[in-house]
Amino acid sequence: MIADAQRVVVFTGAGISTESGIPDFRSPGGVWSRYKPVMYQEFLSDHEARKRYWIYKREFYDNMAASKPNAAHRAVAELETLGKLWFLITQNIDGLHQDAGNSTDKIIELHGTNRWIECVSCGARSWAEDLMPRIRNEAVPQCECGGWLKPATISFGQAMPVRETNAAQQAASACDAFLVVGSSLQVHPAASMPLIAKQSGAGLAIVNLEPTPLDRIADTVWSESAGAALTAIVRELKSRMAGAN
Ligand code: APR
């Protein structure tokens with residue numbers, strides 16, 4: 001499917017980063033089995049909610065600090081090198097696709113990024129790296145303006161980023177191959193992207209350890225770990241491309 005495609009879109013979720021040591025959200029032991037998500041409105045209005053929010057965010061930053069791109073991220077970067085990546089839509093906030101070498105202008109971060117911290121009042125943005133001492137030592141870090149600091153991610157109840165959402169929808173509706181890697185496809189509007197692709201005539205493949213609600217409309221479903229599957233896909237693609245030359 002990928003070898004014959006001209007406009008390949010890869011769509012990733014937390015499952016592509018578990019082999020880098022970052023827990024996903026809905027597998028057994030995942031983030032939401034240990035923490036209750038803080039809704040955006042709670043974060044804005046309730047100090048206890050802000051404290052709870054930062055407790056699980058600090059765990060994420062600890063995992064992120066020690067994490068490196070894994071074989072799956074490297075394979076997605078190689079797809080781009082091979083000219084077989086039109087856009088990379090990710091729900092992930094860990095920045096590992098950038099670290100693996102994918103071009104930022106091809107990466108659409110639907111749920112924002114933990115790499116930046118922003119003030120919910122004045123909008124000032126800082127690198128999370130630069131604020132790490134404060135993130136570790138202050139229960140609820142505040143901006144100089146007095147506003148609350150929050151990673152530049154999209155919380156439940158928070159408006160989706162318009163530019164990224166439009167870009168993802170356009171990519172999904174115009175691609176000819178759509179590869180889902182490591183997502184339970186339960187959170188919308190992200191999870192509607194594979195559906196848009198399929199309805200627009202693209203081939204749809206899903207690589208995921210667990211079944212997803214879109215398996216029934218996929219052309220291919222592969223219940224395999226992302227690292228092994230993506231490495232095999234790139235190996236097969238390279239041999240076909242070599243054969244074709
Ligand atoms: N290889 C393949 N699949 C894997 C692997 C792996 N190594 N590890 C986990 N998975 C699968 C799990 O079986 C699960 O179905 O990846 C999926 C991850 O699903 P979720 O934990 O729900 O993560 P995701 O789909 O990215 O969640 C979407 O929900 O909480 C919000 O904003 C958050 O972006 C996130 C969104």
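How are H3 and H6 oriented to each other?

## Helix packing

H3 and H6 are oblique to each other, because angles under 35 degrees count as roughly parallel, over 145 as roughly antiparallel, 65 to 115 as roughly perpendicular and the rest as oblique. This is a predicted model, in which local features need pLDDT of at least 70 and side-chain atom pairs count only at pLDDT 80 or more, while totals for chains, interfaces and linings use all residues. Residues are numbered from 1 along each chain as its sequence is written, and side-chain values use heavy atoms, with hydrogens and water left out.

The axes of helix H3 (residues 47–65) and helix H6 (residues 128–137) cross at roughly 130° and come within 12 Å. Trp54, Arg58, Tyr61 and Asp62 of H3 make the contact with Ala128, Met132, Ile135 and Arg136 of H6, where contact means heavy atoms within 4.5 Å.

## Aromatic pairs

The whole structure holds 10 aromatic pairs; rings of Phe, Tyr and Trp (its six-membered ring) pair if their centres lie within 6.5 Å, and planes under 30 degrees apart count as stacked, over 60 as edge-to-face and the rest as tilted. Phe25 and Trp32 form a tilted pair, 5.3 Å centre to centre with 35° between the planes. Trp116 and Trp127 form a stacked pair, with 4.5 Å centre to centre and 15° between the planes.

Trp116 counts as partly exposed at 28% relative accessibility, and Trp127 likewise counts as partly exposed at 40% (buried means under 20% relative accessible area, exposed over 50%, partly exposed in between, with a 1.4 Å probe and protein chains only).

How values were computed
Axes fitted to C-alpha atoms, helices over the stretch in contact; angles between N-to-C directions. Helix = DSSP H or I, 4+ residues; strand = E, 2+ residues; numbered from the N terminus.
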